[in-house]
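Biologist: I would like to learn how to read a helix and its surroundings from a model. Could you take me through one slowly?

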Amino acid sequence: MLWKVIGALLLIWLVISVAGVVIKGLFWLAVIGGVLFVATAALGWAKDRKQLK
């Protein structure tokens, strides 16, 4: 279940980032989407590492 939520968030952040790059003048949207994408991926990675121990 956790991976479905993280996957959905990653997809949302990716769409926001691409929209920010495609739509001129919304560069800040791409930056925010990129930051949130990296944060969500790091959170998922950390949770996965914790479960392996």
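Modeller: Let us begin with a term that we shall need throughout: a residue is called buried when its relative accessible area is under 20%, exposed when it is over 50%, and partly exposed in between, with a 1.4 Å probe and protein chains only. What you see is a predicted model, in which local features need pLDDT of at least 70 and side-chain atom pairs count only at pLDDT 80 or more, while totals for chains, interfaces and linings use all residues. Residues are numbered from 1 along each chain as its sequence is written, and side-chain values use heavy atoms, with hydrogens and water left out.

Biologist: How many residues does helix 1 have, and what span is expected for it?

Modeller: Helices are DSSP runs of H or I with at least four residues, strands are runs of E with at least two, and both are numbered from the N terminus. The expected span of a helix is 1.5 Å times one less than its number of residues. Helix 1 has 21 residues, and from its first C-alpha to its last it reaches 30 Å, which is close to the 30 Å expected at 1.5 Å a residue.

Biologist: Which residues of helix 1 are buried, and which are exposed on the other side?

Modeller: The general idea is that an α-helix has 3.6 residues a turn, so residues three or four places apart point the same way. In helix 1, the buried residues are I6, W13, S17 and G20. Seen down the axis of helix 1, these buried residues fall within an arc of 60 degrees, so they line one face of the helix; the arc is that of the directions from the helix axis to the C-beta atoms. On the other side of helix 1, K4, L11, V15 and V22 are exposed.

Biologist: Why do S17 and G20 count as buried?

Modeller: S17 counts as buried because its relative accessibility is 14%, and G20 because its relative accessibility is 4%. By contrast, L9, which also lies in helix 1, is partly exposed because its relative accessible area is 31%.

Biologist: What do S17 and G20 touch?

Modeller: Contact means heavy atoms within 4.5 Å. If we do not count residues up to four places away in sequence, S17 touches L29, A30, G33 and G34, whereas G20, with its neighbours within four places left aside, is in contact with L26, F27, L29 and A30. A30 has its place in helix 2 and is buried, with a relative accessible area of 12%. Seen from A30, with residues up to four places away again not counted, the residues touched are I16, S17, G20 and V21. The C-alpha atoms of A30 and S17 are separated by 3.9 Å, although these residues are 13 residues apart along the chain.

Biologist: Which residues form the nonpolar patch on the surface, and which helix gives the largest share?

Modeller: Patches are made of residues with over 30% relative accessible area and no salt bridge, where like charges are joined within 9 Å and nonpolar side chains (Val, Leu, Ile, Met, Phe, Trp, Tyr) within 5 Å. A salt bridge is a side-chain nitrogen of Lys or Arg within 4 Å of a carboxyl oxygen of Asp or Glu. Here L14, V18, V22, I23, F37 and V38 form the nonpolar patch, with about 540 Å² of accessible area together; such areas come from the Shrake-Rupley method with a 1.4 Å probe, and for residues only the protein chains shown count as cover. Helix 1 (2-22) and helix 2 (27-52) each supply at least two residues of the patch, and the largest share, three residues, comes from helix 1.
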